[in-house]
Amino acid sequence: MKAYQLTVPAENKPGILARVTSILARKKINIRATTISSFGASGFFNFLVDDPKRGYEALAKEGIQVEQTEILAVLIKDRPGGLDSLLQILSAENINIENAYGFVIESRKHAVFVLEIKEPDRARALIEESGFKTLAPQELAEIEPFHYMGY
């Protein structure tokens with residue numbers, strides 16, 4: 001099963017992010033992770049949400065430009081070289097990463113690296129053949145970073 005992120009291009013000015021998060025909150029769509037990137041007067045937000053289809057529909061209905069993009073969420077070891085071992089596999093097969101970000105889910109044990117790749121099926125097969133686990137949409141939606149710390 002395929003996992004997705006929502007990508008919202010946006011002007012780099014106050015209130016834009018709050019408008020997007022307000023729409024998602026009103027529709028009871030939970031944001032699991034986000035990145036914000038800007039370059040001059042514009043940029044984009046990436047959101048991992050618990051229901052990407054509903055999130056996409058809610059934002060589009062409110063006139064927000066949004067894309068639902070297939071991603072691979074890969075479980076990696078949270079240790080020096082954990083990310084490098086994944087990236088070396090992709091690089092060796094000439095697989096280009098269009099967009100990526102990561103987050104730790106259990107310190108010194110596990111992290112998740114989210115990849116946007118033009119050939120996700122090929123990359124998924126290679127990643128899994130190399131012993132990495134890709135997370136299914138439900139697994140990704142249910143991640144609880146730092147749950148062991150009692151936040």
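Guide: The following account treats the pairing of helices α3 and α4 in this predicted model.

Helix α3 spans residues 82–92 and helix α4 spans residues 120–129; their axes come within 10 Å and cross at roughly 130 degrees. This angle makes α3 oblique to α4, and the crossing is right-handed. On the α3 side the contact is made by L86, I89 and L90, and on the α4 side by A123, L126 and I127. By class, the residues of this contact comprise six nonpolar, no polar and no charged.

The burial of each helix may be considered next. In α3, the buried residues are G82, L86, I89 and L90. Viewed down the axis of α3, they fall within an arc of 95 degrees, and therefore line one face of the helix. In general, an α-helix has 3.6 residues a turn, so residues three or four places apart point the same way. The cover over the buried residues of α3 includes α4 together with the strands β4 (67–77), β5 (97–106) and β6 (110–117).

In α4, P120, A123, R124, L126 and I127 are buried. Their cover includes α3 as well as β4, β6 and β7 (133–134).

Finally, the residues that come after the helices deserve mention. Just after α3, N94 takes a positive phi of about 60 degrees; just after α4, G131 likewise has a positive phi, of about 95 degrees.

Note on methods: Residues numbered from 1 in each chain as written. Predicted model: local features only at pLDDT ≥ 70, side-chain atom pairs only at ≥ 80, totals over all residues. Heavy atoms only, no water. Axes fitted to C-alpha atoms, helices over the stretch in contact; angles between N-to-C directions. Helix = DSSP H or I, 4+ residues; strand = E, 2+ residues; numbered from the N terminus. Parallel < 35°, antiparallel > 145°, perpendicular 65-115°, else oblique. Left-handed = near helix turned anticlockwise from the far one by under 90°. Contact = heavy atoms within 4.5 Å. Nonpolar A, V, L, I, M, F, W, Y, C, P; charged D, E, K, R; others polar. Buried < 20%, exposed > 50% of the residue type's maximum accessible area, 1.4 Å probe, protein only. Arc of directions from axis to C-beta.
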